[in-house]
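This briefing describes selected local features of one protein structure. Please keep the sequence and the structure in view while reading.

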Amino acid sequence: ANELGFALRSMVETTPPEAMARPIVRPLRAAPWPRRLAVVGMLTVVAAVVVAILNRDPLRHTGGIAKSVAVLPFANLTGSSDQEYFCDGMADEITNALAQVSNLKVVARTSSFSFKDRNVDVRDIGTRLGVGAIVEGSVRMAGDRLLINAQLIDAENGLNLWSRKFDRPAEDVFAIQEEISLAVVDNLEVELLGGEREAVTR
C-alpha cells in the first residue's frame, strides 16, 4: 500500500498543472445516415415548393382562383337551326366584353369555337387552351322569352364556380350578356382598372 501511494504521489508531482486542468475532448459522432437523409429530403421538398410558386403563371391563378378564361359556343336547344347564329353571337359578345379587361386572359373566338358540338371534358379543354376557367351555356326559347343557362367552371377540377338561369324577354338579351360578363369577372376576382367595368357593360 505504501508503494502504491508513493507511485500516485509521484505521478501527481510530475504531471504539469496545465495538463491536469485540460478537459477531455471527445470527437463528435456524425449524425446517423437515416437522420441525414431525412433532412436532405425535407430540404428538397421545400425547394420544389418554392420553385413551383415562383414559376406559377400569375394569369392562370392568383389566390387560388383562375385568371384566364375561354367562352365556348352556347348550345342551341331552341329546336331551330335558324337560331344557331344567335347562340354563337351570345358567346361572341361575352368574349368581346371580357377582352376589355386587361388583367384577364381571354382565348380568341376561333380557338374556343374549335370545340363546338364536340363532347370534350372541360378539364381537357382547359388544358388544351391553357386557361383556368371555362364559360359555357345553353339557349332555349319559349314564345318571346329567352331561357338561358350559363356556367363558369374551374377547368382544373370541373367544378362550378358560378351558375345562373335567366328567364327574360328576348329584348333583354344584351342585359343578360352584360350580367354574365360581370359575373365572370367578379367570380374570378379580377381587378378592374379605370373604366373597364363600363367597357364590359357597353
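E189 lies in the loop between α7 and α8 (196–200); helices here are DSSP runs of H or I of at least four residues and strands are runs of E of at least two, numbered from the N terminus. The model is predicted, so local features need pLDDT of at least 70 and side-chain atom pairs pLDDT 80 or more, while totals for chains, interfaces and linings use all residues. Residues are numbered from 1 along each chain as its sequence is written, and side-chain values use heavy atoms, without hydrogens and water.

**Loop residues with positive phi**
- Most residues other than glycine have a negative phi.
- E189 has a positive phi, near 55 degrees, and is exposed because its relative accessible area is 54% (exposed is over 50%, buried under 20%, partly exposed in between, with a 1.4 Å probe and protein chains only).
- D117, in the loop between α5 (109–112) and α6 (122–129), has a positive phi near 60 degrees.
- D117 counts as exposed, at 73% relative accessibility.

**A buried strand residue**
- S68 belongs to strand β3 (residues 68–71) and counts as buried because its relative accessibility is 0%.
- The side chain of S68 reaches the backbone nitrogen of G132 at 3.0 Å.

**Two helices**
- The axes of α4 (residues 84–98) and α7 (residues 173–187) come within 9 Å and cross at roughly 45 degrees, the axes being lines fitted to C-alpha atoms over the stretch in contact, with angles from 0 to 180 degrees between N-to-C directions.

Methods: A polar contact is a pair of N or O atoms within 3.5 Å; within protein, one must be able to donate a hydrogen and the other to accept it, and residues adjacent in sequence count only if both atoms are side-chain atoms.
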